[in-house]
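The questions below ask how the labels given to aromatic rings and their surroundings follow from computed values.

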Amino acid sequence: MLTQKQNRNFYSKLVLLIWGWLCVGSVGVSAQTPQPFLRTGQVFSILQNTNELQVFTVQAGYNSISSIPVGTFSAWAMNAIGFRSTDNYLYGISEANNHLYRIGQGAISQDLGICGLNSNLFYKAGDITPDGQYLYCIGSDVAGNDVNLTKIDLNSFSAQSMNLNGTGHLSDIAIQPSTQQIYGFDSQGLRMVKINPTTATSSAFPIVTPGNFFSGLYFDAFGDLYAIGTTLYGIVDGYFSIHQFTGLETRLTTGPTTMVSDCAGCPYSIELKSNTAPGITLPCNDMEFQYHLANGTGETITGAEFIHPLPPGVQLVSVLQNDFGALVDTASIPGSLRIVNLDIYPGVKKLTLKMHVGDVPKERYNSQPLIKQLPQLYGGICLSDYTKEPGFEDSTAFIVNRFDDDTLNYLWFICHGEILTLDATEFGAGIHWNTGSFAPTLDVDHGGLYQFKAGTSCEEVFVNHDVTSGSCPYTVAVEHTFAPDTTFACSEVVFRFVFRNDSGEPRFNLSFCDTFPTGFSYQNIIRNPFGGISNNIPGDPYFCMEGMTLHEGRDTLEVLVKVDEIAPGNYKSRGLLFGLPLVMGPFRQSDNPYTFVFDSSVLVVKGALADTLILDTLICANAQLILDASPYGKSFLWENGSVDPTFMADSAGFYSVTIFDGCEPAQIIWRLSPGPEMDILPIDPIDIHQGQQAVFHPQITNGGQYLNFSWNDPFPGSLNCQTCIANSARPLQTAIYIFKAWNELCTDSINIEVRVDPSRRLYFPNVFSPNDDGIHDEYVIQSPDYAFLKHFRVHDRWGSCIYQLKDQLLNDQLILWDGRWNGKKCDPGVYTWDALFEFIDGKTKGYQGNITIVR
C-alpha cells in the first residue's frame, strides 16, 4: 500500500497526465520561434505555484531577495532546467508529459518531444554540461525516490540512463563548469551530495543547518556554488553560498517567500568582483583595491575597457598585482582608473592596487567598477559585484573613520584561563601594539595594559585597553531579591542582598549602597552578618553600609523598605558593592538571579490607578471572557460573593470587584459590550465517490469591519484553494475540513465532513461487433472513475497473446480493442482478456473476462 505522500505524488502525476492528454499535439508549442537569451551571468528561477520564469537577483543596497519576471510557460510544471552554452537557450522538462522543451526570451517554449524519457518517472532536477552536449536529469518514482541519472543528448535528442542509489530525493542539481562533477541537494536527508556523471556513484556531505532548505542550485563564472531556497523553517526565502569541499552553507541574505521550484545559472559570461582591504580605514592612509575578473565564455574577449570612477580623495599609489595584462591609466579620465584594449582570456584574473585615501570626512564611500565594450551577447557592459555584501552588482565600499578624542580608554575583566580578543579593525591599517604585534586583533589571556597607536598625518588616536583578570566564577557577587516580589502601595517589603565570596579569602572594609526607586524609603535593618556602620534614618530614599567584611561563602543582608502611595508598575533596583582590590575589578553591581542576563532586580507593585476604575471591552456572542483582577490586588470580593482573582463572564453587561489591597479599597468595573457578530452556518456531510470533487459554500454573517478566514486541509494538497471562501476538495478518503472565520475580535468555525466511497466502478462488456457498421465496433470500457491502465491483453483460445495496450489514462469511455490482430480482423468467437489498473489512491487491481466477437 502506498503512503499518503505517494498518494499525493500519484495524484499530481495523474493531474499532469490529464493536462498532457487534453493538450495532445499542442502542449507548450508556441506559434512564435523562441529567441535566445543573452549571457550576462543571470540566474533563472521557476515559481512553483504560477509556473513563471523569472531572473533571480538580490537588490543592491537593500540586500533582499527579489526577481525580474521573464514570462509564463505554456507547458505546465516546467522543471529540470539548464542553460546551454552553444545556443543560449534554456532547456527543461515538463511534468505534464515528460517532453523536453527549448526555452527562449519571454519563456516562449518549443516542444522537442519525449526524447526517450520514462513516462512513469518525474524529472525535477537537471542541468546542462558546459559543452552543451547533454542535459543531465534525475528520474524519481511516484514516492519521490531517485531512480536513475539520465543524460539527454541535445543534438540527437536521445537519452541514456544509469541506476542511481543513495541520493535520496534530489530537489535540484548543478554541474561544476571545470570538473564536470554534479552537485545536488537531497531534500529528504537535508544534505548536499556529489555525483560522478560517468559512474552515477554518489557521496553525501554533512546535514545542513536545521531550518535551511534548497530548491535550486547554480554555479557562477568563478566556479562558485550557490543555492536558492528557504530558511528559518520556511518562514522566509534564503540565498546561500555552498562550500564545495564540505557541502556546508553560509546564508547570505533572505527575502519574502516565493516558492521557487528550480533554478539555472548562466556561468558562460563575463563577471567582475571587487573588494577593499581593509574595509575600514583612517583618512590619509593607504589601502588595497582588489578586482577579480572571470571569463566563463570559453573564448577570448578582445578590445574591452575597464573603468573605475574613484570616490573623492582616493588616488592610485602603485600596482601590486596585475594579471589583466594591460597598463592601468589614471590620466585620460581624471579621478578614474582605466584600462583600455583589455583582452580577457578564459579563466579568472586578479588586479590588486595600492590606493591612498586623502583627508576626507568620516562616512561610507561607494563606487562602481565596470567592464565596457563587451560583445552584445554578453550585455555590452558588466558591473562589478562587491564581495562583502550579498547584493548583485552592488557598489564597492569602504568606511573612513574619525574619532572625537585623541585618546580612547577601555576597561575589561576576564577570568583566569579565558582569552579576550581586542579588536582594532575600526582604526584601519598601521596598527602597532605595545606587545610588538602589527595584527588588527590581539588575543590576551592575563591582565595588563594593552596599547596601540593608530593614525596618519591627519588623524591620530591612542587606544588603551586596561584588562583585569581574576579567578572565576565571579570572585565576589551580589544577588538582589525582594520578599514578597509583588506588593502594593502603602505596604512594606524586604530588600534581600545575598553576598557570595568565592575569592579564596575574606574581603575587608567594603562599602555597599542601594538608591531606592522613587516612592520607596528606608525603615530599618532586619539582618546584617557583615558588620560595618550605617548612618541611615527611617525615611531615607537610599541605604548605605560602610566597613563591611565579607567572609568566604554566602550570606544575606536584609533591609526593611516602605512602599509609599505610588502608581502601579515595575520598579527597578540595583545595589553597588565597592572597595574591592583593583585586580578583581573595583566594584560589583547586584544581579537579578531570576533572569539569564546580568541586570537590575524588579519589584512589581500592583493596584488600581484610581478608587474606581472602569474597563471597557467587548465580548463575542456565545463566548466566555475571563475577567482577571489579579493585576490590581490579592484580596477580592466580586458581586456574587466570589473571592477568586478571576470571574467568567458569558454575556454583555457590568461586572465589578472590590480590591482591598493598597492605600484604600478600590472598585474595578468591567463594562462589556457585544462584539461584532461572526457566525458561519453549518454544512451537512457531503457524500462523494473516490476521485470526485466536493464543493463547499460557507455562509458567513460578519458584523465587523474586517474578515479573515482559513481552511484546515487534513490531507495537504486535497483542498483546491487556501485563499478562497467558496472552495472544493478531492480527498481520497473520508475527511473533515475545518473552516474558520474571524473579524477584528470574534471567531467562528465549522467542521465539514466529506464521506468518500472508495468502491471501483468499471464496466466491461462481453460482446462487440467490429463490422464497421458504426455500432459497437470497438471494445470499450466505461467508468466515471479516475484510473490509469497499466496493461490490457487479449488471448486466443490457445492462450496466445494477440493484442496488448499499455499506459493509458482512463476516461469516461476508453477504447481497448478494435478486434484486429496484426492489422487483420479477428475471426468471430470467444477470446479471453486480463487488465491491470492503478487507481487514484495508488492501489492496483487486476480484472479478467471473456470477449465474444460477432460480425
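Q: What makes arginine 760 a charge over a ring?
A: In this predicted model, arginine 760 lies over the face of phenylalanine 839, at 4.2 Å from the ring centre. The cut-off for distance is within 6 Å, so arginine 760 counts as sitting over that ring.

Q: Which cluster includes phenylalanine 839?
A: Ring pairs join Phe839 into a cluster with residues including Phe764, Tyr803, Trp817 and Tyr847.

Q: How many aromatic pairs are there in the whole structure?
A: A search finds 47 aromatic pairs.

Q: Why is the pair of tyrosine 183 and phenylalanine 219 called edge-to-face?
A: The ring centres are 5.8 Å apart and the planes are at 65 degrees. Planes over 60 degrees apart count as edge-to-face, so the pair of tyrosine 183 and phenylalanine 219 gets that name.

Q: What makes this pair a tie between parts apart in sequence?
A: Tyrosine 183 is in strand E13 and phenylalanine 219 is in strand E16, so the pair ties together parts 36 residues apart in sequence.

Q: How do you know whether tyrosine 183 is buried or exposed?
A: Its relative accessibility is 5%. Buried means under 20%, so tyrosine 183 counts as buried.

Q: Why is the pair of phenylalanine 709 and phenylalanine 739 called tilted?
A: The planes of phenylalanine 709 and phenylalanine 739 are at 35 degrees. Stacked needs under 30 degrees and edge-to-face over 60, so this pair is tilted.

Notes: Residues numbered from 1 in each chain as written. Predicted model: local features only at pLDDT ≥ 70, side-chain atom pairs only at ≥ 80, totals over all residues. Heavy atoms only, no water. Phe/Tyr/Trp six-rings, centres within 6.5 Å; stacked < 30°, edge-to-face > 60°. Helix = DSSP H or I, 4+ residues; strand = E, 2+ residues; numbered from the N terminus. Buried < 20%, exposed > 50% of the residue type's maximum accessible area, 1.4 Å probe, protein only. Lys NZ or Arg CZ within 6 Å of the ring centre and 35° of its normal.
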